[in-house]
Amino acid sequence: MRRIHLTTVIARTLAAATVLTVTAACGAQSDKASGAADQKPAAAAPSTAPSTGTANDNKADGSTADGASEADTVAAPPASTTTAAKPAPKILMATGAKGAQVQELQARLAQVGWFDDTPTGTYGSVTAAAVKGFQSKRGLPTTGSADTATLQRLADMTTKPTRDELAGKAVNKPKTKLDKRCMTGRVLCISKTTRTLNWVVNGKVLSSMDVRFGSQYTPTREGTFKVFLKSKNHVSSIYHTPMPYAMFFSGGQAVHYSSDFAKRGYAGASHGCVNVRDKAKLAKLFDQVKVNDKVVIYW
């Protein structure tokens with residue numbers, strides 16, 4: 001009995017230590033720590049073949065169709081004896097490039113939520129980070145250069161930019177498809193695909209705002225949660241950075257206002273929290289959300 005009791009105490013102590021560690025896992029990361037704007041979890045084995053549809057875009061990164069049994073795996077002949085290696089996609093644009101094609105690339109990336117700036121026609125570090133993030137999400141080689149496979153996939157998902165889009169005056173982003181878990185009750189419905197938070201009550205969207213997530217090294221958790229703590233003037237206990245209007249939903253991960261997000265946009269990342277850059281909108285949302293309201297985070 002003593003051994004069983006001791007084992008239980010050790011397990012509870014380790015669990016408590018884990019919670020304490022996670023509690024501080026928030027706050028803005030530098031470009032080096034976050035991998036620039038690449039905020040999507042690392043994908044599984046990259047594919048160089050362009051996709052012709054978007055049916056799998058809402059799957060989490062790294063998801064595969066690995067349904068083969070062990071026998072299937074053993075029976076499969078070595079790849080080298082059946083197919084030749086596919087040639088690498090041809091790079092069409094990369095850092096340093098300039099012109100109308102780059103401007104169109106930036107406008108198209110803006111349509112799918114990866115470019116948060118005015119299209120300039122100059123392929124710099126911000127564009128490279130946006131391309132890298134897009135590639136990682138779609139299981140393409142994360143080079144940051146625009147190759148044929150990347151451009152084909154982007155073209156499949158976007159429309160030809162308008163004059164206003166090329167000028168940075170408007171962005172025709174795709175509408176967020178609400179997860180079915182968001183259709184009942186009071187829900188903070190958060191889409192990683194469109195990087196949007198929707199406040200939904202009984203299936204009706206009452207407000208919407210841009211959000212930013214953790215990097216691939218400190219990812220924001222996905223799933224269904226509940227708001228268990230609200231803290232209007234919260235300050236991170238480890239990073240000592242302000243987290244105004246914090247609504248905690250999983251350990252140390254919370255929805256909160258980020259001045260870094262407001263300043264740098266998607267060039268940075270959090271340590272796992274859901275960052276909001278519109279302080280006024282979040283302040284109103286904070287007053288409406290109650291403890292135990294549902295939080296759904298999905299692709």
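Predicted model: local features only at pLDDT ≥ 70, side-chain atom pairs only at ≥ 80, totals over all residues.
Here is a quick tour of this chain, from its overall make-up down to a few individual residues. The chain has 10 helices and 13 strands, and 41% of its 299 residues are buried. Among contacts with a separation of 6 or more, 64% join residues 24 or more positions apart.

**The annotated site**

- An unreviewed UniProt entry lists H256 and C273 under "active site".
- H256 sits in strand β10, which covers residues 253–257, while C273 is in the loop between β11 (269–270) and β12 (274–276).
- Both are tucked away: H256 is buried at 2% relative accessible area, and C273 is buried at 0%.
- Setting aside neighbours within four places in sequence, H256 touches C273 itself, and also C26, M243, P244, Y245, A246, V274, N275, V276 and L282.

- As background, an α-helix has 3.6 residues a turn, so residues three or four places apart point the same way.

**How α6 meets α7**

- Helix α6 (residues 125–137) and helix α7 (residues 148–157) have axes that come within 11 Å and cross at roughly 80°.
- That angle falls in the 65 to 115 degree range, and the two helices are therefore roughly perpendicular to each other.
- From α6, the contact uses V131, F134 and Q135; from α7, it uses T150, R153, L154 and M157.
- By class, the contact has 4 nonpolar, 2 polar and 1 charged residues.

**M93 and its surroundings**

- M93 belongs to strand β2 (residues 91–93) and counts as buried at 7% relative accessibility.
- Beyond its neighbours within four places in sequence, M93 is in contact with Q101, V102, L105, Y123, S145, A146 and L151.
- L151 falls within the residue range of α7, 148–157, and is one of the M93 contacts.
- M93 and T148 are 55 residues apart in sequence, but their C-alpha atoms are 9.4 Å apart in space.

- R195 has a phi near 50°, a positive value in a residue other than glycine.
- H240 does likewise, with phi near 55°.
- Each is in a loop: R195 lies between β4 (186–191) and β5 (196–201), and H240 lies between β8 (229–235) and β9 (242–250).

Notes
Residues numbered from 1 in each chain as written. Heavy atoms only, no water. Axes fitted to C-alpha atoms, helices over the stretch in contact; angles between N-to-C directions. Helix = DSSP H or I, 4+ residues; strand = E, 2+ residues; numbered from the N terminus. Parallel < 35°, antiparallel > 145°, perpendicular 65-115°, else oblique. Contact = heavy atoms within 4.5 Å. Nonpolar A, V, L, I, M, F, W, Y, C, P; charged D, E, K, R; others polar. UniProt positions renumbered as here; feature names shortened; annotations may be inferred. Buried < 20%, exposed > 50% of the residue type's maximum accessible area, 1.4 Å probe, protein only.
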